[in-house]
Amino acid sequence: MHGDLSENPVERELREAAYMRVFGPVVSVFHEMVPSPVHIDVYRFAWDEPRNEHGYVTGGMSDALQPEGGPFARIELVFYAKTHDERYAKLLQTFAHYPWQTGASLGPWHTIPLGGYAEVAVGSPRFAALMFFPGVAKPETPIHLAAPLASFGIRYLSVVPITAAELELSYKQGIDALIERFGQVKFDLAFDPERESVV
């Protein structure tokens, strides 16, 4: 199922320690139950007021190389949310295998349509696709620069659900047009299934 494994996979203890230094204490870990050449867990973090958010970060995806991933051959995924929902961890575990199931790598500003899976994935049929933002784009120190991980060349992508209208705008006018709209409304990457479309 997976392609080439990395020559230098990150030891789980090292990755977890780096995550805790950057994101804070781990609230829980969603362990992958299906045996696979690469074991991918999802770590959950929570931040109190004034931030009042939750974060989910994959651990283990970067132990395999994305097909034709270039500088993003080794990646991990991040998902921010206003409220905790276990479906978000499942979402990350599912899409963490996407590159090797489809042969298509994930990279900055890529989109993947959700179709009828939207309700199950994020709790609302209003969100037609996932968009992948480069980096963690939140108050955290850039995780790929964290001293224990920097030498591994791991990159991070933030997963952001977008509406059908937002997806259509990105198709018709280009991704820069959608990013400009996000900037105009001070778009928050922390997912809220009730958020209004920026289009």
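Biologist: How many bridges pair strand β3 with strand β4, and in which sense?

Modeller: In general, helices (H or I, at least four residues) and strands (E, at least two) are DSSP runs numbered from the N terminus, and two strands pair if DSSP finds at least two bridges between them. Here, β3 (residues 53-59) and β4 (residues 75-81) are antiparallel partners joined by four bridges. Within this pairing, G55 has Y80 of β4 as its bridge partner. This is a predicted model, in which local features need pLDDT of at least 70, side-chain atom pairs count only at pLDDT 80 or more, and totals for chains, interfaces and linings use all residues. Residues are numbered from 1 along each chain as its sequence is written, and side-chain values use heavy atoms, with hydrogens and water left out.

Biologist: In what order do the strands of the open sheet lie?

Modeller: The seven strands follow the order β1-β2-β3-β4-β7-β6-β5, and their pairing is mixed. At the edges stand β1 (28-30) and β5 (111-113), each of which pairs on one side only. From one strand to the next, the twist averages 25 degrees; axes are lines fitted to C-alpha atoms, for helices over the stretch in contact, and angles run from 0 to 180 degrees between N-to-C directions.

Biologist: Which sense does β7 adopt with β4, and which with β6?

Modeller: With β4, strand β7 pairs in the parallel sense over four bridges, and E76 stands opposite Y156 in β7. With β6, strand β7 runs antiparallel, joined by seven bridges; there M131 is opposite V160 of β7.

Biologist: How many residues of β7 are buried?

Modeller: A residue is buried under 20% relative accessible area, exposed over 50%, and partly exposed in between (1.4 Å probe, protein chains only). Eight of the nine residues of β7 are buried, so described as mostly covered. For the chain of 199 residues, 49% count as buried.

Biologist: Which helices lie on this part of the sheet?

Modeller: Contact means heavy atoms within 4.5 Å. Helix α6 (residues 164-173) lies across β5, β6 (127-134) and β7 (155-163), and runs at about 115 degrees to β7. Helix α7 (residues 175-184) packs on the sheet, touching β6 and β7, with its direction at about 90 degrees to that of β6.

Biologist: How many helices and strands does the chain have, and why is it called as compact as a globular protein of its length?

Modeller: The chain has seven helices and seven strands. Its radius of gyration (taken over C-alpha atoms) is 16 Å, close to the 16 Å from the globule rule (2.2 Å times the number of residues to the power 0.38) for 199 residues, so the chain is as compact as a globular protein of that length.
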